[in-house]
Amino acid sequence: MDPYDDGEQMYMQQEDDWDRDMLLDPAWEKQQRKTFTAWCNSHLRKAGTQIENIEEDFRDGLKLMLLLEVISGERLAKPERGKMKVHKISNVNKALDFIAGKGVKLVSIGAEEIVDGNAKMTLGMIWTIILRFAIQDISVEETSAKEGLLLWCQRKTAPYKNVNIQNFHISWKDGLGFCALIHRHRPELIDYGKLRKDDPMTNLNTAFDVAEKYLDIPKMLDAEDIVGTARPDEKAIMTYVSSFYHAFSGAQKAETAANRICKVLAVNQENEQLMTDYEKLASDLLEWIRRTIPWLENRVPENTMQAMQQKLEDFRDYRRLHKPPKVQEKCQLEINFNTLQTKLRLSNRPAFMPSEGQMVSDINNAWGNLEGAEKGYEEWLLNEIRRLERLDHLAEKFRQKAAIHETWTEGKLKRGDAPWTASTALTSPPSPQGKEEMLRHRDFETASLSEIKALLKKHEAFESDLAAHQDRVEQIAAIAQELNELDYYDSPSVNNRCQRICDQWDNLGNLTRQRNEALQRTEKLLETIDQLYLEFAKRAAPFNNWMEGAMEDLQDSFIVHTMEEIQGLSTAHEQFKATLPDADKERQAILGIHNEIAKIVQTYHVNMAGVNPYTAIDPQEINAKWEKVRQLVPHRDRALLEEHARQQNNERLRRQFAGQANVIGPWIQTKMEEIGYISMELHGTLEDQLAHLRQYEKSIVNYASKIEQLEGDHQLIQAALIFDNKHTNYTMEHIRVGWEQLLTTIARTINEIENQILTRDAKGITQEQLNEFRASFNHFDRDHSGTLGAEEFKACLISLGFDIANDAQGESEFARIMSVVDPNRMGVVTFQAFIDFMSRETADTDTADQVMASFKVLAGDKNYILEDELRRELPPDQAEYCIARMAPYLGPDGVPGALDYMSFSTALYGESDL
């Protein structure tokens, strides 16, 4: 197709307009004569000539051919030098043929009319030449010719008040449009602020005079020609304005060069700020990890439950308040690092290498150490709380049993006395003189035979009582041993008390054996004994021991963790209560023996001194202890009921936590799978996928309240000291880890899509290309891991048209490609690395040579540039950025203050040091 076909149609339409215009307003002819004459002379003067009368001076065709040679830069056929009309027509035809050869179709314009001096035809021909050589090549944002020139005027005058260029006639009458064009490009030539819209003559004369004097644009119109006409001639104005366009075209190139440099410098400044931000965030996060790990690794236990529970509360605050923001910072750090590396790759800059010890891998290693320290800390806290709880229970039990034993050793309990209270000190046991004093007593030496017999029987009863207490002493020793094994903090006091009890017990055994031997020696001297007292003593002693054991059991503290355990205690208690009727019968039988003794003493007036010689237990003590047992039973009932209610509440907490955990756990897993599917799917644009992911992110963030609610239930469970839950396999640790992984995964996936969009927009890759890349990648990612192995990646490249031969050269080329997409030699290729590689293969970006060429434009083709030139062409902040970083120019053609823009340009792209 002829590139000038459209131009021919345009010129035909313009010629029709020309004919109509010339018939409408003769005043326009005057303006066109003046404008076209000045325009022609602006070119003819380059050849050392000019014209005075446009229709007369072009009649012989000589100056017309000369004009075409000047404006086209080409040689025309040799002109005819004869004076005859035929010679003139021949010259004009040569000029018209040259115009037609440029793709211009001349309508109604013939050589005879030009030779005859037809003013309308001559002006029409000149307008056609102006259109072709001065206006046709103007192009602004895909518009050309008249529309392009008008758009250029509108863009250049947009910032100026009272200027509104909509056409090439009345929009220029006030002169402000011409002044604005000059001021935009050469602000030192016109003081625009002093111009007034209501003074068009001054504005026009100022613009025309300045253009002629400083811009080498001849004065093509007078101010009166424009102001005195209701609608100035459009062709005259277009001709005049096109001269301004061509005069300023050099400034346009400089502006383009400055814009390119500004763009490159802006990218470099932004990347430097991102590097600074990364270093600061990485340093702060590593410092927080360094401070936190020693705290988590501290396993020094406390001595009290309160102190350990405070440690647990501090750990909960750490998990709930301190760690979540750091998780977000770590995720944001990885996102910033990936975004920075992507931007550096897109702008052909070298990859960013953080300071030593601040790589993403270093942060991940430090974070892994933090997780490792944290993992066992909570379990250790709970185990320590269980240990302290067990120790408190054992210590309480030790004190109770020891106090009961010491009370028994001291003597019998008085009515109303408590065997032991919580305020009893471990280091302040009662005096052991009761039983020892009794065993050391020499009463048998002055006793009668009957008294001796009684003392012997009494001693036999004591031995029975002593044997019954053997089990309690063994329990005391076993509890003390367990306290030692569990590292009880007050073990020395426990050991001292236990040792005193054991020593006293051994002493009692020795004293008992010695007294028994003494009584046996005197037994032959004693013959009479009251069998009833003996029977009372034998039955009262075990019954008394049973009551003491019952009181001890009824007052014994208990600790349970499940409903089954409390039900077992309740069942045992019910079984005990079922034995009370039989025990009451035994009590009545024992009291019956005592009543029978009293009856015998009263009947036979036996001198027994009113006491049972075989035992210190009397009916009053039996009744008092029995009453105590009866009072303790309902107390035990209430304690078991309260514990039963507490265990029911614990079971409710277990079910409540499990109900939520069994929903949240699968929900997190489902969301993880859905995110993976969205990131791999091919439906819609990247923006659609990003919007879809952001919607998912919003729904996930909105779900955080359920996690907080579950955390609250978990705290209630820990506060209740519940250590197991058979209703769910999910622990709070599982939920926390899954939740943190979900937040990190959605953030990373969104960042990957954003980087893909950034890559697509920066590299000019179409959505169809991205879809093709994704489809190929997914096809060969058969295990859906999000990465390709070396062989999978090779097959993918071949499917996309890459020629990778199965020979040494092909293997070498593939090894080179792998070094680009897998610089760390991990053996796999991520989708982002794949996109970056395909982007470099299919798109182009700014290079150091392009930036160097732009600086050369600003420097006026010099090998160096000056500070004033940078400040004039670039924004202030970017000009100072260049001045601060450019090295002095050392070439032989340098001048003082010359700067080396070449080394600076190569440094921007990592080809030298900046």
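Modeller: Glu651 and Arg655 both belong to helix H21 (residues 619-680), and because they are four residues apart, about one helical turn separates them. Everything said here concerns a predicted model. Glu651 and Arg655 form a salt bridge, with 3.7 Å between the closest N and O atoms; the cut-off for such a pair is 4 Å. Glu651 is a buried residue, since its relative accessible area is 17% and the limit for that class is under 20%.

Glu873 and Arg872 join their side chains in a salt bridge, at 3.3 Å from N to O. Glu873 is partly exposed, at a relative accessible area of 24%, whereas Arg872 is exposed, with 55%.

The structure as a whole holds 52 salt bridges. One of them pairs Asp116 with Lys85, whose closest N and O atoms lie 3.1 Å apart. Asp116 sits in the loop between helix H6 (111-115) and helix H7 (119-135), while Lys85 sits in helix H5 (residues 85-101), so this pair ties together parts that are 31 residues apart in sequence. Both partners are partly exposed: Asp116 has a relative accessible area of 47%, and Lys85 has 43%.

In soluble globular proteins, nonpolar side chains tend to be buried together. The largest nonpolar core here comprises 74 residues, and Ile126, Ile129, Phe178 and Phe244 have the most contacts inside it. Helix H7 is the greatest contributor to this core, with 11 residues. Leaving aside residues up to four places away in sequence, Phe178 touches Trp172, Leu204, Ala207, Phe208, Ile237, Tyr240, Val241 and Phe244. Another core, of 50 residues, lies apart from that one, and Leu686, Ala720, Val829 and Met838 are among its members.

Helix H7 also takes part in covering helix H4: the cover over the buried residues of H4 includes helix H2 (26-44), H5 and H7. The buried positions of H4 (residues 62-72) are Leu64, Met65, Leu67, Leu68, Glu69, Ile71 and Ser72. After H4 comes Gly73, with a positive phi near 75 degrees.

Helix H10 (residues 200-214) can be viewed through Met201, which lies in it. Met201 touches Ala223, Glu224 and Val227, when residues up to four places away in sequence are not counted. Met201 and Glu224 are 23 residues apart along the chain, yet their C-alpha atoms are separated by 7.3 Å. Met201 is classed as partly exposed because its relative accessible area is 27%.

Two loop positions deserve a note on the backbone. Most residues other than glycine have a negative phi, and most peptide bonds are trans. Asn162 has a positive phi near 65 degrees, although it is a residue other than glycine. Asn162 is placed in the loop between helix H8 (145-157) and helix H9 (176-185), and its relative accessible area of 47% makes it partly exposed. Arg825, likewise not a glycine, has a positive phi of about 55 degrees. Arg825 is in the loop between helix H27 (808-821) and strand E4 (828-830), and it is exposed, with a relative accessible area of 75%.

The cysteines complete the account. A disulfide is a covalent bond between the sulfur atoms of two cysteines. The sulfur closest to that of Cys498 is in Cys502, and because the two are 4.1 Å apart, they are too far from each other for a bond; the cut-off applied is 2.5 Å. By this rule, the number of disulfides is zero. Cys498 is buried, with a relative accessible area of 10%, and Cys153 is buried as well, at 0% relative accessibility.

Notes. Residues are numbered from 1 along each chain as its sequence is written. This is a predicted model: local features need pLDDT of at least 70, side-chain atom pairs count only at pLDDT 80 or more; totals for chains, interfaces and linings use all residues. Side-chain values use heavy atoms; hydrogens and water are left out. Buried means under 20% relative accessible area, exposed over 50%, partly exposed in between (1.4 Å probe, protein chains only). Contact means heavy atoms within 4.5 Å. A nonpolar core is a set of buried Ala, Val, Leu, Ile, Met, Phe, Trp, Tyr and Cys residues joined through side-chain atoms within 4.5 Å.
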